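Visitor: Hello! Could you pick one part of this model and take me through it closely, telling me what each term stands for as you go?

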Amino acid sequence: MNPFKYGTVVADRYFIDREKEIAQIKDDLLNGINIILYAPRRFGKTSLVMQILSDLKESRVKTVYLDLFQVYSLESFIRLYASKVMEASGFSMKKAIKSLKSCIRGVIPSMGLDDDGKPVLSFSYDSKIPKEYSLLDVLDLPKKLKGKNERWVIVFDEFQEINRLDGEMIEKQFRSIFQFHNEIAYIFMGSKTHLMLNMFADKRRAFYNIGKLKKIDKISAQEMIAHMESEFKKGGFSFSRGIFEKVLSYTDNIPYYNQYLASQIWQSVKEEGREIDDKLVEKAVIQILDNQGDYYYTLLNQLTVYQRSVLHAFIREQENIYSKEYTQKHGLSSVSSTQRALKRLLELEIIEKIEDKYVFSDPFFPLYLQQRTFA
Ligand SMILES: Nc1ncnc2c1ncn2[C@@H]1O[C@H](COP(=O)(O)OP(=O)(O)O)[C@@H](O)[C@H]1O
Ligand SMILES: [Mg+2]
């Protein structure tokens, strides 16, 4: 079985490292401190938090996890959040419906069935009651349900997405409720660092000072390499010296891409049954570019000719993009059009800003672009 896994939350034997982060975050949560956790996509935030929640559950903490990417309207937030909170409370369906009726204004709960015929909470809304009331009540629900001496930890993943709803109103409501939830610890986490920092580190915003900011870094190269070495050894494969340093240079040591490439190498080495060396790693990379080809092609087709020129310039040089020299050197037309192009590339998340530096969010994408250019 391939010991490398990517694209889903990893747990158990697939989950490595993070002991320090887990210990620190757990400690803060148990002390009732809210945490704002941020890192670019694919660094391993969700896996880390799931690990923490599963540890906490074992010590009888009630946990709620809500991914804001699943939320597309105020109603869907109210429904999803109420359901998750009820689930955590451990109430029977009957008791849940009764308590929702009495706790949340404007909501008419009932029992429905999901696609598999399993009973789920279903909601309709009383149109005479403003949605803001229902929102306030649902946000306060954990506190109302919380038993004496019970501890609760509540996670909002991809929290910056709340801005797609009526952001400011919601932020104010959240804040007005959470400040009275001393015995509940919240984690607000997100991938869009600048949006997260705007929300939580700006004095004028409702969430300012609501908790402790915590940045999640990549897993250290050393840990990653040790893990790869040990898994390939266990699999009975041999490898040339320093080969996993080379692997990490392809992936920028981003956890997701480490696992992706290692998984591909595993597949190749199984097929070919020889030592893992430069050639084999290169072949695995080409295989990945091939797998991703259709996706990359679609991505490229969304770009104008000028945006593509900027991308190609960006492969060659990532510094001082907005300078006259850069514009001239790479045959671009003007600084302002480059700014517009970059804005679009950021929107499409092809390029990301990480600590004031622009980088490709997918380290394989520039390889694909180069391959196409020189093919
Ligand atoms: N602790 C870890 N150990 C091993 N692989 C990890 C770890 N954290 C993340 N990964 C890899 O990165 C991928 C993305 O992780 P995820 O938790 O979804 O990141 P995020 O929530 O930051 O986008 C996982 O599918 C896995 O391949
Ligand atoms: Mg995630």
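Guide: Gladly. In the protein chain, 69% of the contacts between residues at least 6 apart in sequence join residues at least 24 apart; two residues are in contact if their C-beta atoms, placed from the backbone, lie within 7 Å. Please keep in mind that this is a predicted model, in which local features need pLDDT of at least 70 and side-chain atom pairs count only at pLDDT 80 or more, while totals for chains, interfaces and linings use all residues. Residues are numbered from 1 along each chain as its sequence is written, with chains lettered from A and ligands numbered from 1 in the order in which they are written.

The chain has 15 helices and nine strands, taken as DSSP runs (H or I, at least four residues, for helices; E, at least two, for strands) and numbered from the N terminus. Let's look closely at one sheet. Five strands make up this open, parallel sheet, and their order is S2-S5-S6-S1-S7; strands pair if DSSP finds at least two bridges between them. Strand S2 (62-67) and strand S7 (212-215) are at the edges with a single partner strand each, so each has one side without a neighbour in the sheet. On average, neighbouring strands are turned by 15° against each other, direction ignored. Angles use lines fitted to C-alpha atoms, for helices over the stretch in contact, and run from 0 to 180 degrees between N-to-C directions.

Ligand 1 is surrounded by 23 residues, the closest being Gly-44, Lys-45, Thr-46, Ser-47 and Gln-259; a residue is near a molecule if its C-beta atom, placed from the backbone, lies within 6 Å of it. Helix H2 (45-58) and helix H10 (255-272) are the elements that give two or more residues to this shell. Both domain 1 (18-91 + 127-215) and domain 2 (221-374) contribute to the shell, so ligand 1 lies between them; the bounds come from an automatic or database domain assignment.
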